[in-house]
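Have the structure open as you read.

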Amino acid sequence: MRILLAIALGVTAAAADVAGGWLIVRRQWSREYLKYFVALGAGFMLATVFLEMIPESFRLQRASAGSPVAAEVLVLAGYLLVHFFEHTLAPHFHFGEETHGDEVSSGGAGYAALLGLVIHTFFDGVAIAAGLLVSTWLGAVIFVAIFMHKFPEGFTVASLMLATGQSKRAAFVASAILGVSTLAGVALMYALQGRVSDAMPISAGVTLYVAASDLIPEVNREPGIATALVVFLGAALMLGLKTLFHG
């Protein structure tokens, strides 16, 4: 039953990537709404990492007593993994529509950014499946946290492709690749179910990076306090759900 739920949630998350790319290609978007979505997702993701994913990582490792690498080291490794791919192989980019074409003028820059995003969308899928292998509750809250940044991911990769001179078709295909990468992460996690005690802390590190190093800087770039307050709303939403449904 949980594998069917994992497939359904993986497909939904992947579809959000594709939808974000489609909205950019069709120009049916509003950055005004996007910035609040990013802020809400950042707060919810941060709360999910600290309230659920990291504590569960330590619990799983104590229960399994089989991993040669400490959970805290794997959390750090997950964080640094995405940092490496996004800031060595990929150009600097913002979550949202890329409007600075001069910063990413190289034709290959869009594809390099795609590679960086593929890494963390892959771990989006791993995180959803790993959470569901532990409990339906954990899988569900991880899915919600991930879903909230899927639209910005699709926006980002599609707009980067357009900013580097690629066609609308290439931009849309790039967003679809992110969706496929998410599904690949779900599939691999279910193929390696016995490694969930390692996958959970790595996924926690990846999720922490996306929230703290990708999304929060976008919030900080916005003038005023409105988007900053929405971060707190996202964290409060997660805490409220935890209190209401999980004690």
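Contact here means heavy atoms within 4.5 Å. Keep in mind that this is a predicted model.

With that cut-off, one side of the helix pair is made up of Arg2, Ile3, Ala6, Gly10, Val11, Ala13, Ala14, Asp17, Val18, Gly21, Trp22 and Val25 from α1, which touch Lys168, Ala171, Phe172, Ser175, Ala176, Leu178, Gly179, Thr182, Leu183, Val186 and Tyr190 from α6. Sorted by type, the residues of this contact come to 15 nonpolar, five polar and three charged.

How are α1 and α6 arranged? Their axes sit 8 Å apart, at an angle of about 165 degrees. Since angles over 145 degrees count as roughly antiparallel, that is the label for α1 against α6. The crossing of the two is right-handed.

Here are the two partners side by side:

| Helix | Residues |
|---|---|
| α1 | 2-26 |
| α6 | 168-191 |

As for α1 itself, its 25 residues should span 36 Å at 1.5 Å a residue, and the end C-alpha atoms are 35 Å apart, so the two values agree. Its buried residues are Ala6, Leu9, Gly10, Ala13, Ala14, Ala16, Asp17, Gly20, Gly21, Ile24 and Val25.

Now for that lysine: is Lys150 buried or exposed? Lys150 belongs to helix α5, residues 136-163, and it counts as buried because its relative accessibility is 0%. Setting aside neighbours within four places in sequence, Lys150 is in contact with Ala13, Ala16, Asp17, Thr121, Asp124 and Thr182. Among them, Ala13, Ala16 and Asp17 are also on the buried list for α1.

Definitions and conventions:
Residues numbered from 1 in each chain as written. Predicted model: local features only at pLDDT ≥ 70, side-chain atom pairs only at ≥ 80, totals over all residues. Heavy atoms only, no water. Helix = DSSP H or I, 4+ residues; strand = E, 2+ residues; numbered from the N terminus. Expected span 1.5 Å × (residues − 1). Buried < 20%, exposed > 50% of the residue type's maximum accessible area, 1.4 Å probe, protein only. Axes fitted to C-alpha atoms, helices over the stretch in contact; angles between N-to-C directions. Parallel < 35°, antiparallel > 145°, perpendicular 65-115°, else oblique. Left-handed = near helix turned anticlockwise from the far one by under 90°. Nonpolar A, V, L, I, M, F, W, Y, C, P; charged D, E, K, R; others polar.
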